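Trainee: Could you take me through one part of this structure in detail? I would like the open sheet and the loops beside it.

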Amino acid sequence: MAHHTFFGEFSCECGQSWKSENTYPDKKQICFTCKTWIFPKYLRPKTPYQGRYRAYGWFYCSDCDNEWTSHNSWANMGQVCYSCDDLIYPYRQVRPKCGKGNPKTPHFRKYCEMCWYLKKNCKNYNPDADTDTDTDTDSDDHASDYNDDDRYY
Ligand SMILES: [Zn+2]
Ligand SMILES: [Zn+2]
Ligand SMILES: [Zn+2]
């Protein structure tokens with residue numbers, strides 16, 4: 001999907017280097033030292049899962065030592081830490097066996113980047129109904145360690 005950004009690292013010929021959480025592979029950023037526009041040197045996906053389906057995600061905010069999980073975790077989408085309002089990306093994701101989010105657990109739009117992007121709750125979102133023609137790069141479908149006792153958003 002075209003809106004996806006990466007963690008990017010830039011390294012300018014003048015010696016200046018910087019990191020950006022909102023890096024597009026085909027977009028340059030300006031060097032603040034010499035005012036040259038350069039492409040990113042390294043790109044890292046924001047989430048372990050890169051397919052287009054819903055995943056079960058584990059999140060950890062190191063500032064607050066706050067950990068949570070979500071049935072509605074998506075590729076390159078983060079969720080907000082409820083205690084510090086920082087946008088956190090999942091450090092681990094698995095594909096649940098059923099494609100739908102768990103209907104018994106609440107999911108709050110204000111904490112979820114995917115909900116902001118869709119402008120509706122992502123809980124009932126079906127990527128197969130989307131007209132987006134992205135090919136699904138997901139191949140490993142191991143969701144055996146599915147833990148229902150955790151806290152959800
Ligand atoms: Zn420079
Ligand atoms: Zn936090
Ligand atoms: Zn959501």
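Mentor: A residue is buried if 20 or more other C-beta atoms lie within 10 Å of its own, exposed if 12 or fewer, and partly exposed in between; C-beta atoms are placed from the backbone. This is a predicted model, where local features need pLDDT of at least 70, side-chain atom pairs count only at pLDDT 80 or more, and totals for chains, interfaces and linings use all residues. Residues are numbered from 1 along each chain as its sequence is written, while chains are lettered from A and ligands numbered from 1 in the order in which they are written.

The protein chain has 1 helix and 10 strands (DSSP runs numbered from the N terminus: helices are H or I, at least four residues; strands are E, at least two). Now the sheet. It is open, with 3 strands in the order β7-β6-β10 and antiparallel pairing (two strands pair if DSSP finds at least two bridges between them). β7 (66-73) and β10 (92-94) are the edges; each has a single partner strand, so one side of each lacks a neighbour in the sheet. From one strand to the next, the twist averages 20 degrees (axes are lines fitted to C-alpha atoms, and angles run from 0 to 180 degrees between N-to-C directions).

β6 (residues 55-61) is joined to β7 by 6 bridges. One of the bridge pairs is C61 with N66 in β7.

Next, the loops. D65 lies between β6 and β7. Its phi is positive, about 55 degrees, though D65 is not a glycine. D65 is exposed, with 8 other C-beta atoms within 10 Å.

N76 sits in the loop between β7 and β8 (79-80). N76 also is not a glycine, yet has a positive phi of about 65 degrees. N76 is partly exposed, with 19 other C-beta atoms within 10 Å.
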